[in-house]
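Let's take a walk through a protein together. Have the sequence and the 3D view ready, and keep turning the view as you read.

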Amino acid sequence: MKDTGKVIGALLLGAAVGAALGILLAPDKGSETRRKIVDGAKDMADDLKQRAKDATDNLRNKAEDLTDYAEDKFDDYKKSTKNKMDSYKATAEKKTDLA
């Protein structure tokens, strides 16, 4: 997970640097260059928001899956314990009846 974050960060940084160099080296008027910079920043912000939303959704889904898994395991453990207790009770009752 850490490596994925590093790769995404590197890609975003590379995209930002490439966009900035492309805009700064383009032969446009200053107002046009500023507009392009603002538009590029908005696009990058939108992209980051979408990536954060996707990561949050992914994390939420994993947490729900883990919760379901834990609940299932707990239910299995509870049933197993109840079965063992019932078995011990039945054995104890049989020993009591024999005595």
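Start with charge: the protein carries 20 positive and 19 negative side chains, and the centres of these two sets lie 3 Å apart. Keep in mind that you are looking at a predicted model.

Now for the overall build. The protein has two helices and zero strands. Its radius of gyration is 30 Å, well over the 13 Å that the globule rule gives for 99 residues, so the protein is more spread out than a compact globule. You can check that by eye: along the principal axes, the C-alpha atoms fill a box of roughly 105 × 20 × 5 Å.

What share of the 99 residues is buried? Buried residues make up 3% of them. As for the surface, the protein exposes about 8,700 Å², and carbon and sulfur atoms supply 62% of that area.

Let's zoom in on helix H1, which covers residues 2-25. Which residues form a nonpolar patch on the surface? They are Leu13, Val17, Leu21, Leu24, Leu25 and Ile37, and together they have about 630 Å² of accessible area. Helix H1 gives the most to this patch, with five residues. Take Leu13 as your example: its place is in helix H1. Is Leu13 buried or exposed? It counts as exposed because its relative accessibility is 57%, and the cut-off for that label is over 50%.

Next, move along to helix H2, which runs over residues 30-98. Here we come back to charge. Side chains of opposite charge can pair when their charged atoms come close. How many salt bridges does a search of the whole structure find? The search finds six, and we'll visit some of them.

Find Asp39 and Arg35 in your view. Their side chains meet in a salt bridge, at 2.6 Å from N to O. Both residues lie in helix H2, four residues apart, which is about one turn of the helix. Asp39 counts as partly exposed at 29% relative accessibility, and Arg35 is partly exposed too, with a relative accessible area of 41%.

Asp57 has a relative accessible area of 27%, so it is partly exposed. Arg60 is partly exposed as well, at 46%.

One more pair to look up is Asp86 and Lys82, whose side chains meet in a salt bridge at 3.0 Å, N to O. Asp86 and Lys82 are four residues apart in helix H2, so about one helical turn separates them. At 35% relative accessibility, Asp86 counts as partly exposed.

Which residues form the patch of negative charge on the surface? Look for Glu64, Asp65, Asp68, Glu71, Asp72, Asp75 and Asp76. One of them, Glu71, lies in helix H2. Glu71 has a relative accessible area of 44%, which means that it is partly exposed.

Key:
Residues numbered from 1 in each chain as written. Predicted model: local features only at pLDDT ≥ 70, side-chain atom pairs only at ≥ 80, totals over all residues. Heavy atoms only, no water. Patch = residues over 30% accessible without salt bridge, like charges linked within 9 Å, V, L, I, M, F, W, Y side chains within 5 Å. Areas by Shrake-Rupley, 256 points an atom, 1.4 Å probe, with all protein chains shown as cover. Salt bridge = Lys/Arg side-chain N within 4 Å of Asp/Glu carboxyl O. Buried < 20%, exposed > 50% of the residue type's maximum accessible area, 1.4 Å probe, protein only. Rg over C-alpha atoms; globule rule 2.2 N^0.38 Å. Lys, Arg positive; Asp, Glu negative; His and termini not counted. Charge placed at Lys NZ, Arg CZ, Asp CG, Glu CD.
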